[in-house]
Amino acid sequence: MIAFVSGTVAALAPDTAVVEVGGVGMAVRCTPDTLSGLRVGAPARLATSLVVREDSLTLYGFADDDERQVFELLQTASGVGPRLAQAMLAVHTPDALRRAVATTDEKALTAVPGIGKKGAQKLFLELKDRLGAPVGAAAAAAGPGSTGWRDQLHAALIGLGYAAREADEAVAAVTPQAEAAEGTPQVGPLLKAALQTLNRAR
(Lines give C-alpha, C1' and ligand atoms only; values in the text may rest on other atoms or scores of the structure.)
Protein backbone atom coordinates (compact mmCIF):
# COMPACT_ATOMS: atom_id res chain seq x y z
CA MET A 1 0.00 0.00 0.00
CA ILE A 2 1.19 3.52 -0.80
CA ALA A 3 0.42 5.39 2.44
CA PHE A 4 1.42 8.85 1.22
CA VAL A 5 3.23 10.71 -1.54
CA SER A 6 5.53 13.63 -0.89
CA GLY A 7 7.13 15.82 -3.53
CA THR A 8 6.71 18.80 -5.80
CA VAL A 9 3.34 19.45 -7.43
CA ALA A 10 4.01 19.18 -11.17
CA ALA A 11 0.48 19.78 -12.48
CA LEU A 12 -3.10 20.36 -11.36
CA ALA A 13 -6.39 19.47 -13.05
CA PRO A 14 -9.99 19.78 -11.77
CA ASP A 15 -9.87 16.32 -10.14
CA THR A 16 -6.21 15.31 -10.17
CA ALA A 17 -2.81 16.43 -8.91
CA VAL A 18 0.47 15.17 -10.36
CA VAL A 19 3.16 14.96 -7.68
CA GLU A 20 6.75 14.34 -8.73
CA VAL A 21 8.30 11.70 -6.48
CA GLY A 22 11.87 10.65 -7.23
CA GLY A 23 11.61 11.72 -10.85
CA VAL A 24 8.26 9.95 -11.37
CA GLY A 25 4.97 11.84 -11.77
CA MET A 26 2.29 10.26 -9.58
CA ALA A 27 -1.30 11.08 -10.67
CA VAL A 28 -3.45 11.39 -7.55
CA ARG A 29 -7.24 11.86 -7.63
CA CYS A 30 -8.27 14.48 -5.06
CA THR A 31 -11.36 16.38 -3.97
CA PRO A 32 -11.63 20.04 -5.06
CA ASP A 33 -11.06 21.09 -1.44
CA THR A 34 -7.76 19.19 -1.27
CA LEU A 35 -6.69 20.54 -4.67
CA SER A 36 -7.43 24.10 -3.56
CA GLY A 37 -4.56 23.85 -1.06
CA LEU A 38 -1.98 22.78 -3.66
CA ARG A 39 0.18 24.97 -5.89
CA VAL A 40 2.18 24.00 -8.98
CA GLY A 41 5.89 24.05 -8.12
CA ALA A 42 5.28 23.89 -4.38
CA PRO A 43 6.01 20.88 -2.13
CA ALA A 44 3.06 18.77 -1.00
CA ARG A 45 2.38 15.71 1.11
CA LEU A 46 -0.82 13.78 0.48
CA ALA A 47 -2.12 10.80 2.41
CA THR A 48 -3.11 8.21 -0.20
CA SER A 49 -5.17 5.10 -0.76
CA LEU A 50 -4.46 2.79 -3.69
CA VAL A 51 -7.54 1.23 -5.30
CA VAL A 52 -6.74 -1.86 -7.35
CA ARG A 53 -9.04 -3.05 -10.13
CA GLU A 54 -8.52 -5.66 -12.82
CA ASP A 55 -7.93 -2.98 -15.44
CA SER A 56 -6.58 -0.07 -13.39
CA LEU A 57 -4.57 1.17 -10.43
CA THR A 58 -5.94 4.45 -9.07
CA LEU A 59 -4.29 6.51 -6.36
CA TYR A 60 -6.64 8.69 -4.29
CA GLY A 61 -5.14 11.57 -2.32
CA PHE A 62 -6.23 13.34 0.85
CA ALA A 63 -5.26 16.34 2.93
CA ASP A 64 -4.66 14.18 6.01
CA ASP A 65 -4.79 10.65 7.41
CA ASP A 66 -8.25 11.15 8.96
CA GLU A 67 -9.77 11.94 5.56
CA ARG A 68 -8.13 8.84 4.08
CA GLN A 69 -9.39 6.66 6.93
CA VAL A 70 -12.96 7.89 6.43
CA PHE A 71 -12.62 7.30 2.66
CA GLU A 72 -11.71 3.67 3.33
CA LEU A 73 -14.38 3.19 6.02
CA LEU A 74 -17.09 4.52 3.71
CA GLN A 75 -16.26 1.79 1.21
CA THR A 76 -17.05 -0.90 3.77
CA ALA A 77 -20.73 -0.04 3.22
CA SER A 78 -22.41 -2.02 0.45
CA GLY A 79 -22.79 -0.06 -2.78
CA VAL A 80 -20.10 2.50 -1.92
CA GLY A 81 -17.10 2.46 -4.23
CA PRO A 82 -14.12 4.82 -4.29
CA ARG A 83 -15.80 7.38 -6.56
CA LEU A 84 -18.87 7.72 -4.34
CA ALA A 85 -16.72 7.78 -1.21
CA GLN A 86 -14.66 10.62 -2.68
CA ALA A 87 -17.83 12.43 -3.75
CA MET A 88 -19.03 12.27 -0.14
CA LEU A 89 -15.76 13.82 1.02
CA ALA A 90 -15.99 16.46 -1.71
CA VAL A 91 -19.30 17.63 -0.22
CA HIS A 92 -18.63 17.06 3.50
CA THR A 93 -15.61 17.06 5.80
CA PRO A 94 -14.91 13.82 7.73
CA ASP A 95 -16.46 15.26 10.89
CA ALA A 96 -19.50 16.53 8.98
CA LEU A 97 -20.03 12.99 7.68
CA ARG A 98 -19.66 11.57 11.19
CA ARG A 99 -22.24 14.06 12.46
CA ALA A 100 -24.60 13.31 9.57
CA VAL A 101 -24.47 9.56 10.25
CA ALA A 102 -24.66 9.94 14.04
CA THR A 103 -27.72 12.22 13.80
CA THR A 104 -29.27 10.42 10.77
CA ASP A 105 -29.21 13.69 8.84
CA GLU A 106 -30.83 12.53 5.61
CA LYS A 107 -30.63 15.98 4.01
CA ALA A 108 -26.84 16.05 4.44
CA LEU A 109 -26.26 12.66 2.79
CA THR A 110 -28.70 13.21 -0.08
CA ALA A 111 -26.77 16.40 -0.89
CA VAL A 112 -24.11 14.05 -2.29
CA PRO A 113 -24.67 13.25 -5.99
CA GLY A 114 -25.56 9.57 -6.29
CA ILE A 115 -27.19 9.16 -2.87
CA GLY A 116 -30.99 9.08 -2.61
CA LYS A 117 -33.25 8.73 0.41
CA LYS A 118 -33.16 4.93 0.44
CA GLY A 119 -29.39 4.92 0.00
CA ALA A 120 -29.00 7.38 2.87
CA GLN A 121 -31.06 5.20 5.22
CA LYS A 122 -28.97 2.18 4.27
CA LEU A 123 -25.75 4.09 4.94
CA PHE A 124 -27.00 5.20 8.36
CA LEU A 125 -27.51 1.56 9.35
CA GLU A 126 -24.20 0.31 7.98
CA LEU A 127 -21.93 3.17 9.02
CA LYS A 128 -23.36 4.17 12.40
CA ASP A 129 -20.93 2.04 14.40
CA ARG A 130 -17.99 2.38 11.99
CA LEU A 131 -17.38 6.11 11.57
CA GLY A 132 -17.63 6.99 15.25
CA ALA A 133 -18.20 10.43 16.73
CA PRO A 134 -16.74 13.68 15.34
CA VAL A 135 -13.10 14.01 16.38
CA GLY A 136 -12.51 17.74 15.83
CA ALA A 137 -13.86 20.68 17.74
CA ALA A 138 -16.98 22.10 16.14
CA ALA A 139 -16.08 25.10 14.06
CA ALA A 140 -17.74 28.31 15.05
CA ALA A 141 -20.26 29.43 12.50
CA ALA A 142 -18.85 32.25 10.46
CA GLY A 143 -20.71 35.51 10.26
CA PRO A 144 -22.18 36.79 7.00
CA GLY A 145 -19.12 38.98 6.49
CA SER A 146 -16.69 36.04 6.38
CA THR A 147 -14.67 36.20 3.15
CA GLY A 148 -12.02 33.54 3.76
CA TRP A 149 -13.61 31.29 1.15
CA ARG A 150 -13.09 33.99 -1.51
CA ASP A 151 -9.32 34.04 -1.00
CA GLN A 152 -9.10 30.24 -0.98
CA LEU A 153 -11.23 29.89 -4.11
CA HIS A 154 -9.33 32.62 -5.95
CA ALA A 155 -5.97 31.04 -5.05
CA ALA A 156 -7.20 27.60 -6.15
CA LEU A 157 -8.25 28.94 -9.57
CA ILE A 158 -4.92 30.70 -10.02
CA GLY A 159 -3.19 27.45 -9.07
CA LEU A 160 -5.16 25.67 -11.80
CA GLY A 161 -3.78 28.10 -14.37
CA TYR A 162 -6.58 30.63 -14.75
CA ALA A 163 -5.82 34.33 -15.12
CA ALA A 164 -6.55 36.65 -12.20
CA ARG A 165 -9.36 38.32 -14.16
CA GLU A 166 -11.00 34.94 -14.86
CA ALA A 167 -10.66 33.96 -11.21
CA ASP A 168 -12.25 37.26 -10.11
CA GLU A 169 -15.21 36.71 -12.45
CA ALA A 170 -15.69 33.11 -11.31
CA VAL A 171 -15.63 34.12 -7.63
CA ALA A 172 -18.23 36.81 -8.33
CA ALA A 173 -20.39 34.27 -10.19
CA VAL A 174 -20.56 31.84 -7.26
CA THR A 175 -20.91 34.47 -4.52
CA PRO A 176 -24.73 34.14 -4.38
CA GLN A 177 -24.34 30.37 -3.87
CA ALA A 178 -21.81 30.94 -1.08
CA GLU A 179 -23.94 33.53 0.68
CA ALA A 180 -26.96 31.24 0.56
CA ALA A 181 -25.06 28.45 2.33
CA GLU A 182 -25.59 27.83 6.04
CA GLY A 183 -22.51 28.52 8.15
CA THR A 184 -19.07 28.69 6.54
CA PRO A 185 -19.15 28.14 2.76
CA GLN A 186 -17.20 25.04 1.70
CA VAL A 187 -14.56 25.72 -0.94
CA GLY A 188 -14.89 22.30 -2.64
CA PRO A 189 -18.44 22.69 -4.02
CA LEU A 190 -17.78 26.36 -4.83
CA LEU A 191 -14.67 25.40 -6.84
CA LYS A 192 -16.75 22.93 -8.85
CA ALA A 193 -19.34 25.61 -9.59
CA ALA A 194 -16.63 28.15 -10.49
CA LEU A 195 -14.99 25.71 -12.92
CA GLN A 196 -18.36 25.09 -14.59
CA THR A 197 -18.81 28.84 -14.99
CA LEU A 198 -15.37 29.22 -16.54
CA ASN A 199 -15.91 26.27 -18.89
CA ARG A 200 -19.14 27.82 -20.15
CA ALA A 201 -17.40 31.14 -20.72
CA ARG A 202 -14.66 29.60 -22.86
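Let me begin with Leu123, which, leaving aside its neighbours within four places in sequence, is in contact with Ala77, Val80, Met88, Leu109, Ile115 and Lys128; contact here means heavy atoms within 4.5 Å. This is a predicted model, in which local features need pLDDT of at least 70 and side-chain atom pairs count only at pLDDT 80 or more, while totals for chains, interfaces and linings use all residues. Residues are numbered from 1 along each chain as its sequence is written, and side-chain values use heavy atoms, with hydrogens and water left out.

Leu123 belongs to the largest nonpolar core, which has 26 residues; Leu74, Met88, Leu109, Ile115 and Leu123 have the most contacts inside it. By nonpolar core I mean a set of buried Ala, Val, Leu, Ile, Met, Phe, Trp, Tyr and Cys residues joined through side-chain atoms within 4.5 Å. Buried is under 20% relative accessible area, exposed is over 50%, and partly exposed lies in between, with a 1.4 Å probe and protein chains only. Two or more residues of this core come from each of β4 (43–53), β5 (56–62), α2 (65–74), α3 (82–91), α4 (94–102), α5 (106–110) and α6 (117–131). These elements are DSSP runs numbered from the N terminus: helices are H or I with at least four residues, strands E with at least two. Apart from this core lies another, of 17 residues, including Ala170, Val174, Leu190 and Leu198.

Is Asp15 buried, exposed or partly exposed? With a relative accessible area of 33%, Asp15 is partly exposed. Leaving aside neighbours within four places in sequence, Asp15 is in contact with Val28, Arg29, Cys30 and Leu35. The side chains of Asp15 and Arg29 are joined by a polar contact of 3.3 Å, that is, a pair of N or O atoms within 3.5 Å, where within protein one must be able to donate a hydrogen and the other to accept it, and residues adjacent in sequence count only if both atoms are side-chain atoms. Asp15 and Cys30 are 15 residues apart along the chain, yet 5.6 Å separates their C-alpha atoms.

Finally, Ser36 sits in the loop between α1 (32–35) and β4. Ser36 counts as buried because its relative accessibility is 7%. A polar atom of the Ser36 side chain lies 2.6 Å from the backbone oxygen of Asp33. Beyond neighbours within four places in sequence, Ser36 is in contact with Ala156 and Val187.
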